[in-house]
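Please look over the model shown below, and then read the account that follows, which moves from one chain as a whole to its partner and to single sites.

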Amino acid sequence: MKLFTVIGQYLVLMGNVFTKPVRRTIFFKRVVDEIEQIGVDSLWIVSIVSVFMGAVLTLQVAINFEAPYIPKYLIGLSARDTMILEFSSTIICLILAGKVGSNIASEIGTMRITEQIDALEIMGVNSASYLILPKIIAALVTFPLLNILSIILGILGGYFVAVLTDVVTVYDYLFGLNYVFVPFYVTYSLIKICFFSVIITSVSSFHGYFTYGGALEVGKSSTRAVVYSIILILLFNLILTQILLT
Amino acid sequence: MIEVKNISKSFNDQKVLKNIDVIFEPGKISMVIGKSGSGKTVLLKSVIGLHMPDEGEIFFDRREFTKAKIKFKREIRQEIGMVFQGGALFTSSTVEDNIRFPLDLFTKMTKAEKQKRVDFCLERVNIKDAHKLFPAEISGGMQKRVSIARAIVLNPKYLFCDEPNSGLDPQTAILIDRLIREITIEYNTTTVVNTHDMNSVMEIADNIYFIHKGENWWNGGRDDIFYSDNVELNEFVFASELYKKIKIAVK
């Protein structure tokens with residue numbers, strides 16, 4: 001029963017979020033600010049994780065492909081496809097759920113307990129739309145770009161392994177990267193990350209918006225935001241893969 | 001004028017407000033007093049629509065507010081100024097950005113006009129040289145004054161103050177009280193102040209509403225308090241030795 005109440009509350013909140021902004025200029029300014037906070041500030045973590053994961057992935061695949069009848073170029077192919085299909089969309093979003101999601105929930109939660117959201121409402125502002133819509137738009141703009149960046153950097157990480165070690169030759173790695181490339185995989189990855197960006201920002205905002213109490217509750221909301229975002233990302237990953245790839 | 005008619009509100013089967021009937025008049029300061037947990041904050045939040053009353057009606061200058069559509073409520077709210085207990089200033093914005101915020105959203109003023117209005121409001125609450133500071137960088141008393149400046153920037157018809165003196169020293173509290181009085185007279189606002197600070201009540205109240213166990217237990221003027229036989233009111237107002245002596249002296 002509580003689940004249905006929460007879903008209902010979430011849908012009502014989203015109904016309030018997706019409304020026409022009061023002033024377009026202020027809205028665009030807020031979107032730009034959020035792009036910086038949500039997207040640009042996540043660049044370093046996405047970059048570092050992608051390079052290292054690409055490198056480790058290449059090493060591990062190479063170690064497991066020791067049999068002589070398995071062509072070495074498959075190492076490059078598997079690094080490419082793993083980055084595109086799963087890592088740069090799902091795993092990066094799980095990381096962003098922790099970084100961006102907790103940030104959003106604690107920001108909005110603190111605004112709630114310090115009555116800043118009440119102040120917005122009293123001024124006649126649709127606080128849900130004012131606070132949450134720019135975050136969703138910013139995530140929809142920046143997360144796909146982070147996805148592309150992650151794919152490139154992950155593949156580059158694998159390339160460094162090919163250059164610096166002898167587990168695979170640069171030629172085999174590059175050949176594998178170009179072997180049987182399915183462009184739709186990139187589309188699939190981008191579709192997934194668009195869904196995940198909405199999940200992370202809206203679920204985290206929801207938990208922050210309905211925070212009541214004090215600092216302890218803000219912390220709890222922040223944790224709940226991350227946990228529920230991760231669960232929903234994994235669930236939608238399964239559903240979207242079933243719909244788009246099978 | 002704000003008319004509150006027969007308002008009731010419950011939380012989890014506990015009735016917090018019971019059939020409250022009050023009228024807040026323009027150009028006057030109506031003070032809602034009562035113990036902590038008596039229901040005065042719930043009353044204030046119900047009047048401004050942050051809580052939805054279970055029954056009853058609220059009229060802002062004969063305009064029905066309780067069951068009005070959200071768009072209409074937002075229109076009325078643009079005529080409301082509110083000073084929150086903690087100030088509720090936007091922590092990531094400077095003092096002047098906090099005050100400019102309603103102007104940016106709801107007026108078509110030029111940048112220069114907005115700046116002039118912001119400067120005027122800050123001057124009105126006696127704040128100088130704090131335009132570029134953030135709320136965390138100013139004192140509690142200054143935060144309250146910035147909050148008042150933000151509340152009056154759109155020339156509100158209705159001003160609500162939730163415990164405006166809490167956490168302030170007596171001198172700063174009196175300054176805030178006098179500011180609220182001046183603004184009420186100057187703009188002829190319908191001012192409602194929630195407080196349990198008796199100094200504040202004696203300083204500026206025109207009408208007093210004593211809320212006890214969620215009911216409008218007593219109402220009257222400043223001077224009526226000294227002559228009332230209401231037991232609960234006397235226990236609340238004359239709890240301190242100082243006020244007991246004042247009552248004896250007045251009588």
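Helices here are DSSP runs of H or I with at least four residues, and strands are DSSP runs of E with at least two, both numbered from the N terminus. Counted in this way, chain B of this predicted model has ten helices and ten strands. The radius of gyration of chain B is 19 Å, close to the 18 Å that the globule rule gives for 251 residues, so chain B is as compact as a globular protein of that length. Further values for chain B as a whole are collected in the table.

| Property of chain B | Value |
|---|---|
| Box filled by the C-alpha atoms, along the principal axes | roughly 55 × 45 × 30 Å |
| Share of the 251 residues that count as buried | 42% |
| Share of contacts with a separation of 6 or more that join residues 24 or more positions apart | 65% |

**Where chain B meets chain A**

On the side of chain B, 15 residues are in contact with 13 residues of chain A. Which elements of chain B give two or more residues to the side that touches chain A? They are helix α2 (70-77), strand β6 (80-83) and helix α3 (95-106) of chain B. Sorted by class, this side of chain B consists of nine nonpolar, two polar and four charged residues.

**A helix pair in chain A**

Within chain A, helix α4 (residues 73-113) packs against helix α7 (residues 170-178) at an angle of about 50°, and their axes are 6 Å apart. Angles of 35 to 65 degrees fall between roughly parallel and roughly perpendicular, and α4(A) and α7(A) are therefore oblique to each other. Their crossing is right-handed. To this contact α4(A) brings A:Tyr73, A:Leu74, A:Ile75, A:Gly76, A:Leu77 and A:Arg80, while α7(A) brings A:Asp172, A:Tyr173, A:Leu174, A:Phe175, A:Gly176 and A:Leu177. By class, the contact of these two helices has eight nonpolar, two polar and two charged residues.

**A loop residue of chain B**

B:Ser228 lies in the loop between α8 (224-227) and α9 (231-237) of chain B. The C-alpha atom of B:Ser228 is separated by 26 Å from that of B:Ser8, a residue 220 residues apart from B:Ser228 along the chain.

Methods. Residues are numbered from 1 along each chain as its sequence is written. Chains are lettered from A and ligands numbered from 1 in the order in which they are written. This is a predicted model: local features need pLDDT of at least 70, side-chain atom pairs count only at pLDDT 80 or more; totals for chains, interfaces and linings use all residues. Two residues are in contact if their C-beta atoms, placed from the backbone, lie within 7 Å. Ala, Val, Leu, Ile, Met, Phe, Trp, Tyr, Cys and Pro count as nonpolar, Asp, Glu, Lys and Arg as charged, and the others, Gly among them, as polar. Axes are lines fitted to C-alpha atoms, for helices over the stretch in contact, and angles run from 0 to 180 degrees between N-to-C directions. Angles under 35 degrees count as roughly parallel, over 145 as roughly antiparallel, 65 to 115 as roughly perpendicular and the rest as oblique. A crossing is left-handed if the near helix is turned anticlockwise from the far one by less than a right angle, and right-handed if clockwise. The radius of gyration is taken over C-alpha atoms; the globule rule is 2.2 Å times the number of residues to the power 0.38. A residue is buried if 20 or more other C-beta atoms lie within 10 Å of its own, exposed if 12 or fewer, and partly exposed in between; C-beta atoms are placed from the backbone.
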